[in-house]
Amino acid sequence: MRPLVLLWSCLVLPGYGAMVGPNEIVGFEGDTVSLQCTYREELRKNKKYWCRKSGLLIPYCSGTIYTEDGQERTKGRVSIQDNPQELTLNVTLRNLTRQDTGKYWCGVSILGFDETFLVSLVVLQGASQPATHLDSASTEDTGLVRSSKSSTSLPMVRILAPVLVLLTLLLATGLAALGRYMLQWRKKVQPVAVSETQRNEKVHFSPLLSSFHYTLMFSLSFPWL
């Protein structure tokens, strides 16, 4: 059991809290919104990225855009820029549409599992509003965003992976135990079955032999019949 607990911890808990940001952003169609995700100092030199969460059972990134040497990178209507001095990843989304509503990840590329923070974007139908800039420290004072600097969100794949591993181990253990039980049961049943068969054969043959014996004795006693 202890190795299973250690395996679960390695898959789910590494780097917990490495990146934080706003939990939810709300904007109107046509708006431009900006947000900041902050990260720990030891991740200053790691490459950062922004992507949309896709997939149901096994989530994955789509439309990923990476930072490069502190310069602003643009892909379509999305721009990102890493600011190592302030330990922040700045993301700007322009000309929002209703189709942009969904969940996104601020991420840091590291060896093994990336460190990520899940951000929900809600685009409402209505008049365009002035551009909104949001970061992980100031979003508590705005009605458009609900944020929590102390909470982090991990990709579902990091939660599903240990679950699948545990289910596989439990299934293998159960099959092995069932196999041993069936083998022991067969060893116990086979001698009993053989003895029962022999006993039944004796029971079936005994009346036949007795009948033959009485017939032979009767023929010898009355030969003229």
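Start with the strand pair. β4, residues 48–54, runs antiparallel to β5, and five bridges join the two. Keep in mind that this is a predicted model. Within the pair, Arg-52 sits opposite Ser-62 of β5. Together β4 and β5 make a hairpin, with five residues between the strands. Look at Gly-55 in that turn: its phi is positive, about 90 degrees.

Now follow β5 to its end. β5 covers 60–66, and β6 covers 73–75. Thr-67 is in the loop between them. Is Thr-67 buried or exposed? Its relative accessibility is 5%, and the cut-off for buried is under 20%, so Thr-67 counts as buried. What does Thr-67 touch, beyond residues up to four places away in sequence? The list is Lys-47, Lys-48, Arg-73, Ile-80, Gln-81, Asp-82 and Leu-89.

Next, Ser-79. This residue belongs to strand β7, residues 78–83. Its relative accessible area is 2%, so Ser-79 is buried by that cut-off too. Which side chain makes a polar contact with the side chain of Ser-79? That is Arg-94, at 2.7 Å. Setting aside neighbours within four places in sequence, Ser-79 also has a contact list. On it are Glu-72, Arg-73 and Thr-74, then Asn-90, Val-91, Thr-92 and Arg-94.

One link to take away. Arg-73 is in contact with Thr-67, and Arg-73 is in contact with Ser-79 as well.

Key
Residues are numbered from 1 along each chain as its sequence is written. This is a predicted model: local features need pLDDT of at least 70, side-chain atom pairs count only at pLDDT 80 or more; totals for chains, interfaces and linings use all residues. Side-chain values use heavy atoms; hydrogens and water are left out. Helices (H or I, at least four residues) and strands (E, at least two) are DSSP runs, numbered from the N terminus. Buried means under 20% relative accessible area, exposed over 50%, partly exposed in between (1.4 Å probe, protein chains only). Contact means heavy atoms within 4.5 Å. Two strands pair if DSSP finds at least two bridges between them. A polar contact is a pair of N or O atoms within 3.5 Å; within protein, one must be able to donate a hydrogen and the other to accept it, and residues adjacent in sequence count only if both atoms are side-chain atoms.
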